[in-house]
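Hi everyone, thanks for coming. I'd like to walk you through some side-chain contacts today, so please have a look at the model on the screen.

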Amino acid sequence: MSYEFDFAFLADRWPDFLAGAWLTIQLTVVAITLGFALGTTCAVLRVYGHPLVARLVGAYVEIIRNTPLLVQIFIVYFGIATLGLKLSAEMSAIIALVINVGAYTTEIMRAGIESIPRTQVEAADCLGLKRLQVILHIVLLPAMERVYPALSSQFVLLMLASSITSQISAEELTAVANLIQSDTYRSFEVYIVVAIVYLALSFLYRFGFWVIGAFLFVRRRRLGTAL
């Protein structure tokens with residue numbers, strides 16, 4: 001077996017890799033931000049909401065967690081177009097990723113909310129705080145602190161899973177790699193480069209979440225607990 005690696009294509013195509021990586025970052029940062037807001041809202045509704053609303057949230061979570069992300073992306077991209085509303089591939093990718101990560105965030109945040117001792121909430125009630133104040137100031141931040149490692153891992157997984165959006169021609173990193181390998185016929189080298197870029201992005205995201213965690217959770221930082 002003789003194979004000679006040739007990375008000469010990088011001299012001309014590195015801007016394409018850079019553009020793909022940048023779009024991957026844009027897609028996932030927007031999806032993580034909106035997905036966290038959606039998931040946290042759904043988690044609060046599932047714990048404190050009306051039983052009917054809680055059941056609807058539960059159905060949303062189960063549907064999303066038990067269907068492939070690729071199918072969800074196809075439903076958003078092709079389904080909405082069938083209804084007469086044409087969205088770009090990037091917008092469809094963001095919507096599908098938000099819906100997907102929102103479901104997983106719901107379950108993670110629900111676990112955090114339910115881990116807060118009932119006596120802590122009762123103490124806040126005794127102080128005369130309204131239910132919304134209790135949720136915002138007594139429940140959510142401590143709950144998020146307890147599940148923060150799981151949340152950050154889920155968000156890094158979402159970044160890696162965003163490669164699936166290349167199937168609807170969203171020009172993110174994997175889509176760019178597919179295009180370059182079809183032009184250069186250097187599949188092995190192209191996907192080695194892509195793997196290295198995804199690895200670098202994963203470390204970048206983990207570092208970013210560590211910085212956010214160190215800023216938000218001072219007590220955890222002082223105790224030296226992993227973020």
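By salt bridge I mean a side-chain nitrogen of Lys or Arg within 4 Å of a carboxyl oxygen of Asp or Glu. Side chains of opposite charge can pair when their charged atoms come close. D125 is partly exposed at 33% relative accessible area, and R131 is also partly exposed, at 41%. For those words, buried is under 20% relative accessible area, exposed is over 50%, and partly exposed is in between, with a 1.4 Å probe and protein chains only.

A quick word on where this comes from. This is a predicted model, in which local features need pLDDT of at least 70 and side-chain atom pairs count only at pLDDT 80 or more, while totals for chains, interfaces and linings use all residues. Residues are numbered from 1 along each chain as its sequence is written, and side-chain values use heavy atoms, with hydrogens and water left out.

Back to the charges. How many salt bridges does the rule give? The count is 8. Please find helix α4, residues 89-114, where E107 and R110 sit 3 residues apart, about one turn of the helix. Helices here are DSSP runs of H or I with at least four residues, numbered from the N terminus. The side chains of E107 and R110 meet in a salt bridge at 2.9 Å, N to O. E107 is buried, with a relative accessible area of 13%, whereas R110 is partly exposed at 21%.

R110 has another partner too: its side chain meets that of E114 in a salt bridge, at 3.2 Å from N to O. R110 and E114 are 4 residues apart in helix α4, so about one helical turn separates them.

Now to the rings. The count of aromatic pairs is 12. Rings of Phe, Tyr and Trp (its six-membered ring) pair if their centres lie within 6.5 Å; planes under 30 degrees apart are stacked, over 60 edge-to-face, and the rest tilted. Take F9 and F17: their ring centres are 6.5 Å apart and their planes meet at 45°, so this pair is tilted. Both are buried, F9 at 8% relative accessible area and F17 at 6%.

For an edge-to-face pair, look at Y205 and F209, with 6.4 Å centre to centre and 65° between the planes. These two are 4 residues apart in helix α8, so about one helical turn lies between them. Y205 is buried at 8%, and F209 counts as buried at 14%.

F9 and F17 also belong to a cluster, where ring pairs link them with Y3, F5, F7 and F188. F188 is in helix α8, residues 187-216, and is partly exposed at 46% relative accessibility.

Which residues make the nonpolar surface patch of about 410 Å²? They are Y3, F5, F7 and F188. Patch residues have over 30% relative accessible area and no salt bridge; like charges are joined within 9 Å, and nonpolar side chains (Val, Leu, Ile, Met, Phe, Trp, Tyr) within 5 Å. The areas come from the Shrake-Rupley method with a 1.4 Å probe, and for residues only the protein chains shown count as cover.
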